[in-house]
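Hello,

Here is the structure I said I would pass on. My notes follow below it.

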Protein chains: 2
Amino acid sequence: MENLTGMSRHLSTSGADIDAYMHELGTQARQASTVLRNLDTARKNAALLAIARHLDTARDALIEANAQDLERGHQAGLDAALLDRLALDETRIDGMIEGLAQVAALPDPVGEIDGLRSRPSGIQVGHMRVPLGVIGIIYESRPNVTVEAAGLCLKSGNACILRGGSEARDSNAAIAACIARGLAEAGLPAAAAQVVATTDRAAVGRLISMPEHVDVIIPRGGKSLIERISREARVPVIKHLDGVCHVYVDATADLDKALAIAVNAKTHRYGTCNTMETLLLDAPVAAELLPRLAEAYARHGVELRGCERTREIVADAAPATEEDWQAEYLAPILAIRIVDGIETAMAHIDRYGSQHTDAIVTESYTLARRFMTEVDSSSVMVNASTRFADGFEYGLGAEIGISTDKLHVRGPVGLEGLTTRKYVVLGDGHVRV
Amino acid sequence: MENLTGMSRHLSTSGADIDAYMHELGTQARQASTVLRNLDTARKNAALLAIARHLDTARDALIEANAQDLERGHQAGLDAALLDRLALDETRIDGMIEGLAQVAALPDPVGEIDGLRSRPSGIQVGHMRVPLGVIGIIYESRPNVTVEAAGLCLKSGNACILRGGSEARDSNAAIAACIARGLAEAGLPAAAAQVVATTDRAAVGRLISMPEHVDVIIPRGGKSLIERISREARVPVIKHLDGVCHVYVDATADLDKALAIAVNAKTHRYGTCNTMETLLLDAPVAAELLPRLAEAYARHGVELRGCERTREIVADAAPATEEDWQAEYLAPILAIRIVDGIETAMAHIDRYGSQHTDAIVTESYTLARRFMTEVDSSSVMVNASTRFADGFEYGLGAEIGISTDKLHVRGPVGLEGLTTRKYVVLGDGHVRV
């Protein structure tokens with residue numbers, strides 16, 4: 001066991017105690033979920049806003065707790081990027097509070113009935129949207145995730161068990177205290193949103209192995225964490241792996257649009273999963289477009305790695321290797337390949353892509369339709385920057401993550417992704433003949 | 001290795017060979033899936049009807065192959081019920097052929113776009129329904145499942161790998177030959193629907209551990225098979241476990257409707273998962289309704305096991321134990337409990353039910369609304385028999401199974417359950433600001 005973040009709870013170091021503790025969290029979460037799934041929208045919104053108020057009044061305590069995490073992080077030699085993600089300041093606390101208010105303002109997905117139709121037997125059959133039950137969320141350094149995840153789970157009627165990174169343990173404990181006060185004020189069970197009060201890794205192993213208590217696991221963090229959890233989980237996982245996103249510029253493309261999209265998709269932000277990592281250019285446009293692109297990328301300090309044909313036009317591009325086509329750089333580096341037509345472009349995406357987000361730039365109706373239909377990615381775009389693949393941009397109101405899975409939910413996951421649908425059947429004494 | 005059902009393929013007995021064989025099936029299925037997902041509806045329907053024609057012309061061969069399975073089954077001492085499920089006769093072959101024609105007549109779910117809306121940024125965002133990819137189906141004795149599963153996967157644009165029971169190996173090989181001829185006639189890849197040509201159990205272990213080749217596993221069969229597969233799978237599983245279904249008769253119920261529903265839900269068929277196993281009676285109606293029910297059940301030869309209060313009214317009911325409340329009898333046996341109001345009834349369902357199908361009989365608007373909203377089962381019914389929980393009755397056109405899972409799909413699973421949705425984004429040179 002590394003450390004404890006429990007506010008009032010203390011655990012000894014034995015694995016059996018971790019097991020018992022996680023079992024208790026799970027049991028309580030399951031009980032809370034039966035309350036949460038039947039709450040009306042006003043009660044849930046009241047709890048969200050109460051949590052927001054308690055975050056507001058606890059600003060000093062939050063920043064103080066965070067300072068302890070930052071101090072420990074400095075001593076442990078965490079890099080600047082990690083420390084930045086870990087840091088809480090007034091602006092980020094504002095963001096957490098506004099985020100909760102935004103989630104409170106979203107329509108409640110629970111209880112929505114759709115497709116209610118009469119059947120020849122006389123019964124009416126439809127779907128009702130209902131919460132999943134208990135959601136386990138495992139994440140790393142950003143302590144604001146604790147609030148975001150609790151808010152989305154609460155609004156969607158799910159109990160949640162939150163397991164943050166050990167580097168954020170004091171911040172998360174302080175946030176958990178605000179959540180607990182808000183839940184209590186709104187009269188909701190404390191177990192509606194529980195923060196795991198140990199940073200022992202065994203707690204994660206247990207959390208992902210309790211299908212009796214947990215309905216789905218959502219891991220957020222680095223690829224190795226997510227892969228390990230997916231491999232070991234005995235509970236369904238909604239996960240995000242790579243974002244190796246492509247833009248394909250077809251011969252019919254409007255080159256001004258192509259330039260704008262290719263530059264935006266790469267340079268708007270480098271570290272996001274929906275950033276373009278490989279640009280595919282149809283051969284007929286390469287000679288005209290590539291020099292303009294190279295100039296724009298040079299202004300942004302983007303390093304280019306190209307296929308041989310690319311390097312004939314842009315001499316100072318480095319040669320792209322097989323690894324470059326597979327790379328999720330998350331950095332100002334771009335791989336460029338010149339291809340002969342949409343078939344080769346789609347074959348490249350099929351082979352090297354991660355089924356995350358891929359875009360075509362074209363003025364051809366037929367090619368737009370083909371690309372949109374045939375490319376098997378969670379987001380497929382025509383004449384738009386891959387950077388739009390985001391829950392807020394898509395109008396989900398909020399996002400708990402982006403799924404690169406196929407089952408249940410693909411792409412940005414909002415409230416609806418945290419729900420499922422049951423059948424409802426209305427009769428009047430109907431029996432089956 | 002028990003035996004081989006390969007038509008042209010022969011495997012030696014080593015585990016490495018099984019691994020290589022399954023890997024090859026998976027690789028080919030993945031390739032075929034990229035063709036299938038882009039097929040237009042007419043091509044898929046043509047293939048379904050071609051398979052149907054080849055089944056029709058192969059009737060003698062099918063019955064002959066089935067006779068070998070039946071003979072082997074007799075020698076192995078299979079029980080009568082299992083032999084019945086295994087048997088193919090002209091009527092069942094007719095059923096397979098009609099089933100394919102029905103699936104061909106269903107609307108194609110693939111490519112449907114819904115919710116396309118404009119966002120403030122100017123992009124339009126919507127969902128497009130797309131196939132899952134490769135589906136592995138593991139089932140037991142009924143050889144008609146081979147045709148049903150292949151038909152549903154084909155129509156929904158998915159490649160499938162089918163693993164039937166060893167007892168049906170010759171029947172399945174004969175059916176596989178018809179499927180292969182139909183696919184060839186329609187110009188589709190042979191790997192669109194592959195029947196595993198070995199009855200070695202290691203093949204199942206491999207099939208459920210190839211996430212790179214298989215997107216979802218659907219096991220159909222006994223609970224122990226399904227539990228084992230769920231426990232060991234490294235691929236998402238859509239599964240059906242218990243059907244411990246309840247009917248709750250509320251004090252306001254119309255007793256004629258209650259009688260009709262309670263009798264139908266129990267006696268329409270005994271061996272189905274949507275058969276009522278426990279009847280819950282609100283105390284005020286018990287004295288009047290129970291004797292009428294007991295008489296009706298006696299006529300059907302249904303054995304009653306009741307709580308103490310039930311036995312005060314129906315003296316010859318056996319005492320119900322804790323196991324009875326948990327039992328999925330699949331037999332002419334019914335557990336009956338008298339409860340005091342909807343709270344107790346719903347608490348009973350929550351504790352002992354399997355979240356499959358539960359019904360209330362009531363004339364109360366308020367209680368109907370509460371039951372429908374609060375009971376967390378895949379099908380929740382008001383004034384209708386639990387026996388309606390079925391893909392055909394719900395209008396899905398066909399059913400690959402019933403899911404008692406929460407993620408992705410709950411309740412009867414039709415074509416839509418074999419698909420997922422990707423986001424489509426339409427722009428006109430839009431970039432993110």
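A salt bridge joins the side chains of B:Glu416 and A:Arg421, with N to O at 3.2 Å. Between chain A and chain B the count is 13 salt bridges. Please keep in mind that this is a predicted model. Polar contacts across the interface of the two chains come to 50 residue pairs, both residues being at pLDDT 80 or more.

Several elements of chain A give two or more residues to the side that touches chain B, among them α1 (15-36), α10 (255-267), β13 (379-384) and β16 (419-430). The most comes from β16(A), with 11 residues. Sorted by class, that side of chain A has 29 nonpolar, 21 polar and 20 charged residues.

Strands also pair across the interface. β13(A) runs parallel to strand β16 (residues 419-430) of chain B, and 5 bridges join them. In this pairing A:Ala384 stands opposite B:His430.

On extent: 70 residues from chain A and 70 residues from chain B take part in the contact. The area buried between the chains is about 5,900 Å², and carbon and sulfur atoms give 53% of it. Of the area that chain A buries against chain B, 15% is supplied by A:Leu407, A:Tyr423 and A:Arg432, more than by any other three residues.

How are the two copies related?

Regards

Terms used. Residues numbered from 1 in each chain as written. Chains lettered and ligands numbered in written order. Heavy atoms only, no water. Contact = heavy atoms within 4.5 Å. Buried area = accessible area lost by both parts, 1.4 Å probe. Salt bridge = Lys/Arg side-chain N within 4 Å of Asp/Glu carboxyl O. Polar contact = N/O pair within 3.5 Å; in protein donor to acceptor, adjacent residues only side chain to side chain. Helix = DSSP H or I, 4+ residues; strand = E, 2+ residues; numbered from the N terminus. Nonpolar A, V, L, I, M, F, W, Y, C, P; charged D, E, K, R; others polar. Pairing = 2+ DSSP bridges.
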